[in-house]
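The entries follow in the order in which I looked things up.

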Amino acid sequence: MQFQQVNQELMEFLDSSPNAFWAVANMKGILKAQGYELLCEGMPWKLEAGKGYYVSRNDSALIAFRVPKEDFLGFQIMASHSDSPAFKIKPNAEIEIDKQYIKLNVEKYGGMLCAPWLDRPLSVAGRVVVRTAEGIETRLINIDRDLMIIPNLAIHMNRQVNEGYSYNAQVDMLPLFGDSEDAKGRFETLIAEAAGVKPEEILDTDLFLYNRMKARLVGANGEYLSSGRLDDLQCAFSSLKGFLQAEPKDSVAVHCVYDNEEVGSGTKQGAESTFLKDVLHRINAALGHDEEYYLRALASSFLVSADNAHSVHPNQTGKADPTNRPYMNKGIVIKYSANQKYTTDAISGAIFRAICEKANVPVQVFTNRSDILGGSTLGNISNTQVALNTVDIGLPQLAMHSSYETAGSRDTAYLIEAAKLLFSSSVEGVGDGNYKLRF
């Protein structure tokens, strides 16, 4: 496996994807360069066997697929998500303090660790919606320079800070933008300049702060990779790479990237939306099949919900389960939860283990400690719209939901290999609980 090349490509992808909008734009660019055809949800679809296509929703969610033949067996799907916890810029963002400072009004998006956002260079990226002669147009912007900082309070003014501190998002976490004399009214102008329009042409925005620290390899031998947004762009990148390298034979390969997983997935572009269901139905109809054919195809389909997992923490080993203890660089993690926060059961776990065994990549197991409530992911939510056998997996990492996270430098390549085989294979249902695996 080409670990060095994979890590270099991953770091470039992470650095150029400061939020969901840019991640999806970058994936669309890669797919276009590989000859995939762009589809629009509001236009008719004419599909041909042997070709690949992609469609986006809200500029922040993406589904790409490849059709091997008209009479396909089922769908082989890997789903990840494009969003990460961050601070969103509020409307009317500028706040003047003592006629000396300008800071920006922000709010939390997702369940984040606040402390890592302090005392480091930040900037802003996202989308700007501008007025046109015929309606509106979306433009992506990224202020590619060190623009803001959220300063800590000196320990002299908070002697107990190292004994534990509860951060107030409205008080402690507002970024310093500049001096009143020079920065007042400047933020809106800066955004307009980046979008190539006048301030009065901007109708609305979706803008987020991002950590300016670049992705890099760390550790005695470069065994770890640190970056912002590893959860979940590491899985989204791996899924895309495996998808592009795959050779589908009997089943439609589907690379799916949802948005808004970090806030519950309940949006038109989230896992609870009809996005995946709509696309699968349209594939089925465009190839001349009826509803019964679609339902039969689902019985021979498989979904891998790929969202990063917790590695055993070197300073907090007691937080991990006593017997299921995943580590970075030891392979893909299969996630289990009795309350179905993770969808893995014996069937889906067995299918994915067989895929990894055939792909010659290692697997590990994650379960929460029985006395610690864990998080959830997109698999069980997606199943409310498209019900099929689903396994929850991820790559092991530290500092999940920090502005700068750490993962293993070998694990991305493992997931790419597993995804490549997944997208090239089929899972044929031959009776409830019984499946033929076609590799």
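This is a predicted model: local features need pLDDT of at least 70, side-chain atom pairs count only at pLDDT 80 or more; totals for chains, interfaces and linings use all residues.

Residues are numbered from 1 along each chain as its sequence is written, and side-chain values use heavy atoms, with hydrogens and water left out.

**Entry: Ser 180**

I looked up what Ser 180 touches beyond its neighbours within four places in sequence, and found Glu 96, Lys 99, Gln 100, Tyr 101 and Ile 102. Ser 180 sits in helix 3, residues 180-183; helices (H or I, at least four residues) and strands (E, at least two) are DSSP runs, numbered from the N terminus. Its relative accessible area is 7%, so I wrote Ser 180 down as buried. Buried means under 20% relative accessible area, exposed over 50%, and partly exposed in between, with a 1.4 Å probe and protein chains only. The side chains of Ser 180 and Glu 96 make a polar contact at 3.1 Å. A polar contact is a pair of N or O atoms within 3.5 Å; within protein, one must be able to donate a hydrogen and the other to accept it, and residues adjacent in sequence count only if both atoms are side-chain atoms.

**Entry: Asp 83**

Where is Asp 83 placed? I found Asp 83 in the loop between strand 4 (75-81) and strand 5 (86-97). Asp 83 is buried but has no salt bridge, and the nearest side chain of opposite charge, Arg 229, is 11 Å away. A salt bridge is a side-chain nitrogen of Lys or Arg within 4 Å of a carboxyl oxygen of Asp or Glu. For charge, Lys and Arg count as positive and Asp and Glu as negative; His and the chain ends are not counted.

I then checked backbone nitrogens against the polar atoms of the Asp 83 side chain. That of Asn 260 lies 3.3 Å from one such atom, and that of Glu 261 lies 3.1 Å from one. Beyond four places in sequence, the contacts of Asp 83 include Ala 20, Tyr 109, Asp 231 and Asp 232.

**Entry: backbone angles**

The peptide bond from Asp 231 to Asp 232 is cis, with omega near 15 degrees. Asp 232 belongs to helix 5, residues 230-245.

Asp 98 is not a glycine, yet has a positive phi of about 55 degrees. I located Asp 98 in the loop between strand 5 and strand 6 (101-109), where its relative accessible area of 65% makes it exposed. Asn 360 has a positive phi too, near 60 degrees. Asn 360 lies in the loop between helix 8 (346-359) and strand 17 (363-366), and counts as exposed at 64% relative accessibility.

**Entry: helix 4**

Which residues of helix 4 (residues 186-195) are buried? I listed Phe 187, Leu 190, Ile 191, Ala 192 and Ala 195. Just after helix 4, Gly 196 has a positive phi of about 75 degrees.

**Entry: the chain**

Last, I noted the totals. The chain has 10 helices and 22 strands. Buried residues make up 53% of its 439 residues. The C-alpha trace spans about 70 × 60 × 40 Å along its principal axes.

Key: Contact means heavy atoms within 4.5 Å.
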